[in-house]
Structure formats: structure tokens, C-alpha cells
Amino acid sequence: MTLRKGYVPSGFGQLHYVECGAGEPVLMLHQTPRSWTEYLDVLPLVGAAHRAIAMDTLGFGASAKPDAPHSIERFADAAQALVDALGLERFHLVGHHTGGVIAVELAARLQGRVASLLLSATPFVDEEKRRTAGERKPVDHVDPKPDGSHLLELWNRRRGFYMDGEEAALTRFMVDALSVLDRVEEGHVAVRRYAMDQRLPYVTARTLAVCAPGDHYSLPALEKFADALGCETRVLSGGHVPLPEQLPGEFAKVVLAWAASA
């Protein structure tokens, strides 16, 4: 299926997105420091039944990169600008890791315009997580070195999340991370600052929270989302942090089934 690339104007600058298919829209938001390519293999599968759209988060991929500090609220501002520019009156919303946190904020704002919400491996941010944010080690930060050894350091930081044979996906991660290397950690910092627990009561969309069994960073959040939102939860058959790339077929089936049941 042909992927169509485009830009929409916004108050932040141009926002990049990729789409395919037609019908009820499904908007997919990626983790940081990734880009739309996290959904490269998912897009055509979802696009077989929907207008499948994956945007580049503000500050990442080919979207505008303003100098202002990143925050979940600003990410959601840009996502809302794209939704409005594309004329999406009602749409299904999918977010993975950081994208899931952005999806929470967007769903809290738009409420009835969000037909269904799927949170994939989404961190649950409460007061304790915000209070201990400064104690957490950087996830992707590396110091550039003249001999280029920081490239291998960055590769090895993420290598354990990928199985042998998944080097193409890890390479896509490297491309995305290196394009924002000076701010590569800011997405994670924005997540830890977000007052998610105060915004969840405003989420009205029917919600499913899913996670990979190997993603021990996010797996404990399933029970917390079930308690907070009264939502359904599901653990997929395999995978780790890069779930949409590792199991695109299963991931797309879950998206399609959840959208169909809304």
C-alpha cells in the first residue's frame, strides 16, 4: 500500500505526517526519540481498513524543532494542530510509550472526538514518579566524541531491546536519535514531569492498555491504568520496548479489533 507523506502548518512550524488507506481515521503517536518510522510496518496493515496516520511528534523526525523546552502539553498542542488541519472530526487514537502519554493528554482535551484510545507500553506518571524523576539515569544521552565511539555507545544502550535479526529497526532508531542528539533525552524528561494522574479523569474514550511481556519498564503500568480508567488490558505474545516494529502484525490486529469494537 502506498504511503503518502505530507506537512501541515502550525504555530510551531510545519508538522510532518505519513498516511495510507481511507475511511475512519486512526492517528498513531510514536515514542521518543523516534519518528513515524516506528509504525512503518503497521501503517499499511491498519490502512487496509482505515485512514492510518502516523505523525512526527513536535521536535522529532521531520516535524518542526522549536527551541522551547519540550513538554507533554506542547506535544499535545502540536498533535491537536495536526488533527484540526487534517479535518479529523472524530478519530481513533493510538500511542506507544511517550506517544501514549501524549495520547492521554490529547484524549483528555478532545474527549468525544476520540472514538477509541489504545495505550501501548505507556508509563503511568503519578506523584511518586514525578518526585523521583531526578534520580533516574538518562536513557539515551551520550556525549559526542571525536572518534565517533558515542555511536556505538548509543547502539549498545538500545541493543538489548532488539532480537538478532532486528538490526534494521535498531538502525531506524539510530537515525531518529542522532537527528536530535543534542536533545535526545528531553522526551523522557517531559514524560516524568507530566501531571498524568490529574488528567486521567478527563479521558472519556473507551481505552485499552497493552504491553509487551519483555517491557518491564511499562508492564507494571497496566494494572495502574486498569484501576485509574477502568479500562481493559492485554499483554501481547512477545516483544520488548519497540513493540510495533517487532510484532507489527499482532499490533495492527489489536488496533483494528479495538477500533472496530468502539
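Reader: Which residue of β6 stands opposite Leu93?
Author: This is a predicted model, in which local features need pLDDT of at least 70 and side-chain atom pairs count only at pLDDT 80 or more, while totals for chains, interfaces and linings use all residues. Residues are numbered from 1 along each chain as its sequence is written, and side-chain values use heavy atoms, with hydrogens and water left out. Strand β5 (residues 91-96) is joined to strand β6 (residues 114-120) by 6 bridges in the parallel sense, where strands (E, at least two residues) and helices (H or I, at least four) are DSSP runs numbered from the N terminus. Within β6, the residue that stands opposite Leu93 is Leu117.

Reader: Which residue of β5 is the bridge partner of Leu29?
Author: Strand β3 (residues 25-29) pairs with β5 in the parallel sense, and two strands count as paired if DSSP finds at least two bridges between them. Here β3 and β5 share 4 bridges, and the partner of Leu29 in β5 is Gly95.

Reader: How many residues of strand β5 are buried?
Author: On one side of β5 lie Phe91, Leu93 and Gly95, on the other His92, Val94 and His96, and both faces are covered. Buried means under 20% relative accessible area, against over 50% for exposed and partly exposed in between (1.4 Å probe, protein chains only). The strand is largely enclosed by the rest of the structure, because the number of its residues that are buried is 6 of the 6.

Reader: Which helix forms a right-handed β-α-β unit with β5 and β6?
Author: β6 is itself largely enclosed by the rest of the structure, because 7 of its 7 residues are buried. Between β5 and β6 the unit is right-handed, meaning that, with the strands pointing away from the viewer, the path from the first strand over the helix to the second runs clockwise. The helix of this unit is α3.

Reader: How far apart are the end C-alpha atoms of α3?
Author: Helix α3 is mostly covered, with 12 of its 13 residues buried, and what covers these buried residues includes β3, β5, β6 and α7 (186-193). The expected span of a helix is 1.5 Å times one less than its number of residues. For the 13 residues of α3 this gives 18 Å, which agrees with the separation of its end C-alpha atoms, 18 Å.

Reader: Which residue has its backbone oxygen 2.9 Å from a polar atom of the side chain of Thr207?
Author: Thr207 lies in strand β7 (residues 207-211), which runs parallel to β6 and is joined to it by 4 bridges. Thr207 is buried, with a relative accessible area of 6%, and beyond its neighbours within four places in sequence, its contacts include Leu117, Leu119 and Trp258. The backbone oxygen lying 2.9 Å from a polar atom of its side chain belongs to Ala205.

Methods. A polar contact is a pair of N or O atoms within 3.5 Å; within protein, one must be able to donate a hydrogen and the other to accept it, and residues adjacent in sequence count only if both atoms are side-chain atoms. Contact means heavy atoms within 4.5 Å.
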